[in-house]
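Keep the view open while reading.

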Amino acid sequence: MDKREFIKLAGLAGVAALSNPSGLLAATPVSGITGKTGGAKAPFELPPLPYAADALEPNIDKLTMEIHHDKHHGAYVKNLNEAVNGTTFASLTLEQILNKVTEKDKAIRNNGGGHYNHSLFWPLLSAEKTAPSDKLKSAINSAFGSWDTFQQKFNDAAKGVFGSGWAWLILTPEKKLAVTSTPNQDNPLMHQLVKERGIPVMGLDVWEHAYYLKHQNRRPEYIAAFWNVVNWNEVQKRYDMALK
Ligand SMILES: [Fe+2]
């Protein structure tokens, strides 16, 4: 797969309506992708949470969700808009920005990743009980040997992040499911920066800001709580989009 094909694939599976001026993220979690690189261009906007801030209680508490979404994600959006203003990045979609960003572009790397990762993360959670489809279970079993092995690998990746970062289930350019992790706000779409590239199918934020108020230093407890609120319908949608 060459770089252009990867950009196209990444865009197809990117987060819909990242600038989201009409506030439709909850209603159109992935279907807003227009093809090519998809997504919107700066100025980006903070998408609303697709549920009430207390919807994930007791697994993730209301105050954490409010601060995490309004303050942390809000700051990434504000800082990203400031960082791209007047640069060549201003004419690119967020997926293109992530693909192009290098170590030199520190503010765009951190805040572009922060905006993308959190926009992806909110719809991956749900108060409604969902279950992985047989199709997804089969793909997971085929990739990892068993569902338990997949969960163990994902948990290990999440626990193994030193400091702040993310654990990921990705679809690699070879269309294989894989588990990986990234530091800080990096993600597997950052073509120039990460060793394991791929399209994020599922991600878990393991920054302390995601869990400290309720779970304090007990990251494994937070990871266990995460599995209770995964929106498997969203995971399935992202997987299907990534496969196209
Ligand atoms: Fe976060």
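## Overall picture

Among contacts in the protein chain between residues at least 6 apart in sequence, 68% join residues at least 24 apart. The model is predicted. Its protein chain holds nine helices and three strands. Along the sequence, the pattern reads α-α-α-α-α-α-β-β-β-α-α-α. The chain has 244 residues, and 45% of them are buried.

## The sheet

The three strands form an open sheet. Their order is S2-S1-S3, and the pairing is antiparallel. Which strands stand at the edges? They are S2 (177-183) and S3 (199-205). Each edge strand has a single partner strand, so one side of each is left without a neighbour in the sheet. Neighbouring strands are turned against each other by 25 degrees on average, direction ignored.

Now take the pairs in turn. Strand S1 covers residues 165-171 and pairs with S2 over seven bridges, in the antiparallel sense. In that pairing, Leu169 has Val179 in S2 as its bridge partner. Helix H9 (residues 232-243) packs on the sheet and touches S1 and S3. The direction of H9 makes about 150 degrees with that of S3. S1 and S3 also run antiparallel, joined by six bridges. Here Ile170 stands opposite Pro200 in S3.

How many residues of S3 are buried? The count is seven of the seven, so S3 is largely enclosed by the rest of the structure. S3 is also an edge strand, with a single partner strand.

## Helices H2 and H4

Two packed helices are described by the angle between their axes and the distance between the axes. For H2 (residues 62-84) and H4 (residues 106-121), the angle is about 135 degrees. Their axes lie 8 Å apart. That angle makes H2 oblique to H4. The crossing of H2 past H4 is left-handed.

Which residues meet here? From H2 come His73, Tyr76, Val77, Asn79, Leu80, Ala83 and Val84. From H4 come Ala107, Ile108, Asn111, Gly112, Gly114, His115 and His118. The residues of this contact of H2 with H4 divide into seven nonpolar and seven polar, with no charged ones.

## Helices H5 and H6

H5 spans residues 134-144, and H6 spans residues 147-160. Their axes come within 8 Å and cross at roughly 75 degrees. That makes H5 roughly perpendicular to H6.

On the H5 side, the contact is made by Lys137, Ile140, Asn141 and Phe144. On the H6 side, it is made by Trp147, Thr149, Phe150 and Lys153. The residues of this contact of H5 with H6 comprise four nonpolar, two polar and two charged.

Start with Asn231. It lies in the loop between helix H8 (219-228) and H9. Is Asn231 buried or exposed? Asn231 has 21 C-beta neighbours inside 10 Å, so it counts as buried; the cut-off for buried is 20 or more. Asn231 and Leu124 are 107 residues apart in sequence, yet their C-alpha atoms are 5.0 Å apart in space. Leaving aside neighbours within four places in sequence, Asn231 is in contact with Pro123, Leu124, Leu125, Ser126 and Thr130.

Next comes Asp240, found in helix H9. Asp240 has 15 C-beta neighbours inside 10 Å, so it counts as partly exposed. In sequence, Asp240 and Leu136 are 104 residues apart. In space, they are 9.4 Å apart, C-alpha to C-alpha.

Lys195 has 7 C-beta neighbours inside 10 Å, so it counts as exposed; the cut-off for exposed is 12 or fewer. Lys195 and Thr182 are 13 residues apart in sequence and 9.4 Å apart in space, C-alpha to C-alpha.

Definitions and conventions. Residues are numbered from 1 along each chain as its sequence is written. This is a predicted model: local features need pLDDT of at least 70, side-chain atom pairs count only at pLDDT 80 or more; totals for chains, interfaces and linings use all residues. Axes are lines fitted to C-alpha atoms, for helices over the stretch in contact, and angles run from 0 to 180 degrees between N-to-C directions. Helices (H or I, at least four residues) and strands (E, at least two) are DSSP runs, numbered from the N terminus. Angles under 35 degrees count as roughly parallel, over 145 as roughly antiparallel, 65 to 115 as roughly perpendicular and the rest as oblique. A crossing is left-handed if the near helix is turned anticlockwise from the far one by less than a right angle, and right-handed if clockwise. Two residues are in contact if their C-beta atoms, placed from the backbone, lie within 7 Å. Ala, Val, Leu, Ile, Met, Phe, Trp, Tyr, Cys and Pro count as nonpolar, Asp, Glu, Lys and Arg as charged, and the others, Gly among them, as polar. Two strands pair if DSSP finds at least two bridges between them.
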